[in-house]
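Here is a short report on helix packing, the chain interface and a few backbone details. Please look at the structure first.

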Amino acid sequence: MNGPALLEVEGLTVEFETYGGTVKAVRGVDFTVEAGEVMAIVGESGCGKSVTVQSLMGIIPMPPGKITAGSARLNGSELLGLEPRAANAFRGKEIGMIFQDPMTSLNPTMTIGDQIAETLKVHRGIPDQQAFESAIKLLEMTHIPEAKKRAKQYPFEFSGGMLQRAMIAQSLACSPSLLIADEPTTALDVTIQAQILDLLKTLQARDSMAVILITHDLAVVARTAQKVCVMYAGQIIEHGSVDDIFYQSAHPYTLGLKSAMPSNVGDRDKSLNPIPGSPPDLFSPPLGCGYAARCPHAMRICHEENPPFFQDSLSDGHAARCWLQAPNAPVVPELYQSNKIASDGA
Amino acid sequence: MIKTRALKKHFQLARHQTLHAVDGVSLEISENEILGLVGESGSGKSTFGKTLIGLHERTGGEAFYREEALPKKFTAADHLRYSKDIQMVFQDPYASLNPRMTVLDIVGEGLALRGMARADVQEQVAYWLSRVGLHPDHLSRYPHEFSGGQRQRIGIARAMIIEPKFVVCDEPISALDVSVQAQVVNLLEDLQRSMGLTLLFIAHDLSMVRYISDRMAVMYLGTLVETGPSDSVFFSPQHPYTQLLIESNPEPDPKLERTRNAQILTGEITSPVNVGPGCRFSDRCPKAMPHCSSETPEPIKIAEDHIVACHLYS
């Protein structure tokens, strides 16, 4: 890779203190995002994907949350453990964020225009009138019809898709170099989802902005991302280019996720293969691989020791945290196994 | 087995404001069939399901269960009578189970209402819990002790314990994770086969509906725009709305996604309040003709069992 990446996350570990004990929500996550690329983090509920990006934004409630280890550098400067004032300076300016539920993420008592203008006033010191006019321009950029009239309306007067557009407009107000989109289309219908993904892609390409897309939907990943990290039980278990992940899945969990989805090519009679069981309890994560208890190929070592990343010898940047990728591992026909070089981290 | 003729459900919002949630839906579901009903939010698919089985009072049209006309408004006695044959599985496994009742009471309520002795109810509930993949010892637990997928299994056990003939599944998997979705869909398929059930499977996930159902019906703004065998509707959609809907459905296949030039449906679903005549989709339809907005299209049979309501085919 040439030069430092836009965002470098290393060994991120996040825990939550609860009455029931300590939840180890994120257990040592490493990844990098290059300028202008779209990276997806995929995983199911509770895998730690949202907590990962929320800790980058400094919006984890602390307590009960606690970032116990790790670092995250944006253009070389550390994001974790910032003073509230310093965190406010980059939040919304350097990194924009859009959320799953636009209805609860926008202030119901402020007009849409004022909320977008506020971002510009706070971060750029632009005067009221001018900020409001820029807000209208931003709404037009996200294809909200009659932007002038809409800017004076409140969130309840918007539909879900329109609110998501408004939130995109707000998050892009200060032209951030990185946009974090946390399940941006999960609450929307497919036709509206297609519109929003299309809008995000257009704006991303126009500003060559980097995007971290958090989603549980592999189809959305296939449509938008260039790079993918698959998360399970608080760890990244496989990362690589979108083609590596889809066509050369090296981790049994990635493969399991794919076979649990109905495929639209081929026979309808091919049955779905759900992953049996459920994810491990993160109060006391297993000693070995988090997926071992559900993995059809689990070996003894899988239960005893957490695997390191094994780097794909043929595809740069493709690696899986799985003992089946070790040089002396048995062959599993359905799994891609060209990865023979052990490596730690991403 | 199930037949509706011009079924209507309107909600009166104010004196001159009527919400046309379901506006003349004629549909037939045969014995042992899984019919998938798809549509976006606000298309009226859930309201159709609920009106069909008497959870809403019908505004107009007729509904039949095995040639027997269902009442326009269900009385308590009607509910008790028809619930023996007709059951429902709800979307939200968090909201549809009473948090203050134990699993035994929730799943066994239907049997208890029919006067079954408590010991027998307990035995039946334990059997059904294991049948849907839960531990029979969990009888005395409360809903909050279960995960979303497990709760949905409880909801399924509650519906199936009566051994119904017809079950309306209203978005039974939308609130669940991908790997759990597959578990629940497989369970439903398995029960459908072993019990000879007829299912109305309401969902917005096109790939899943195509996978599970024999026939697919597509709703838009309270009307049915297309019905036909699942694969015909999915692979050769005829109605412009169905075409755009399927076009916007992403596939878990990056190469396919890169090569396809998806045409995106612009705008949003129109308000269902005080709708006028004409095709409901005419204001967003890329192929709309002048008379589309004034004349309501009649359902046209374009192939065996494939029906489209669109002026392009008249």
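At what angle do the axes of helix 7 and helix 8 of chain A cross?

## Helix 7 and helix 8 of chain A

The axes of helix 7 (residues 160-171) and helix 8 (residues 190-207) of chain A cross at roughly 15° and come within 10 Å. Axes are lines fitted to C-alpha atoms, for helices over the stretch in contact, and angles run from 0 to 180 degrees between N-to-C directions. Helix 7 and helix 8 of chain A are therefore roughly parallel to each other (angles under 35 degrees count as roughly parallel, over 145 as roughly antiparallel, 65 to 115 as roughly perpendicular and the rest as oblique). Helix 7 of chain A passes helix 8 of chain A in a right-handed crossing.

Helix 7 of chain A brings A:G161, A:Q164, A:R165 and A:I168 to the contact. From helix 8 of chain A come A:I192, A:Q195, A:I196, A:L199, A:L200 and A:L203. Contact means heavy atoms within 4.5 Å. By class, these residues are six nonpolar, three polar and one charged (Ala, Val, Leu, Ile, Met, Phe, Trp, Tyr, Cys and Pro count as nonpolar, Asp, Glu, Lys and Arg as charged, and the others, Gly among them, as polar).

## How the model is read

This is a predicted model, in which local features need pLDDT of at least 70 and side-chain atom pairs pLDDT 80 or more, while totals for chains, interfaces and linings use all residues. Residues are numbered from 1 along each chain as its sequence is written, chains are lettered from A in the order in which they are written, and side-chain values use heavy atoms, without hydrogens and water. Helices (H or I, at least four residues) and strands (E, at least two) are DSSP runs, numbered from the N terminus.

## Helix pairs of chain B

Helix 5 (residues 148-160) and helix 6 (residues 178-195) of chain B have axes that come within 10 Å and cross at roughly 15°. That makes helix 5 of chain B roughly parallel to helix 6 of chain B. Their crossing is right-handed. Residues in the contact include B:Q152, B:R153 and B:I156 of helix 5 and B:Q183, B:L187 and B:L191 of helix 6 of chain B. The contact divides into eight nonpolar, three polar and one charged.

Helix 3 (residues 103-113) and helix 4 (residues 118-131) of chain B cross at roughly 115°, their axes coming within 9 Å. This crossing is right-handed. Among the contact residues are B:L104, B:V107 and B:L111 of helix 3 and B:V121, B:V125 and B:L129 of helix 4 of chain B. By class, there are eight nonpolar, three polar and two charged residues.

## Chain A against chain B

The contact takes 40 residues from chain A and 42 from chain B. About 3500 Å² is buried between the chains, and carbon and sulfur atoms give 53% of this area. Buried area is the accessible area (1.4 Å probe) that two parts lose on being put together, summed over both.

Two salt bridges are counted between chain A and chain B (a side-chain nitrogen of Lys or Arg within 4 Å of a carboxyl oxygen of Asp or Glu). A:R223 forms a salt bridge with B:E257; their closest N and O atoms are 2.8 Å apart.

## Backbone details in chain A

A cis peptide bond joins A:M62 and A:P63, with omega about -15°. The bond from A:P63 to A:P64 is also cis, with omega near 10°. A:P63 sits in the loop between helix 1 (49-57) and strand 4 (65-74) of chain A.

A:S175 is not a glycine, yet has a positive phi of about 45°. A:S175 lies in the loop between helix 7 and strand 7 (178-182) of chain A.

Terms used: Left-handed = near helix turned anticlockwise from the far one by under 90°.
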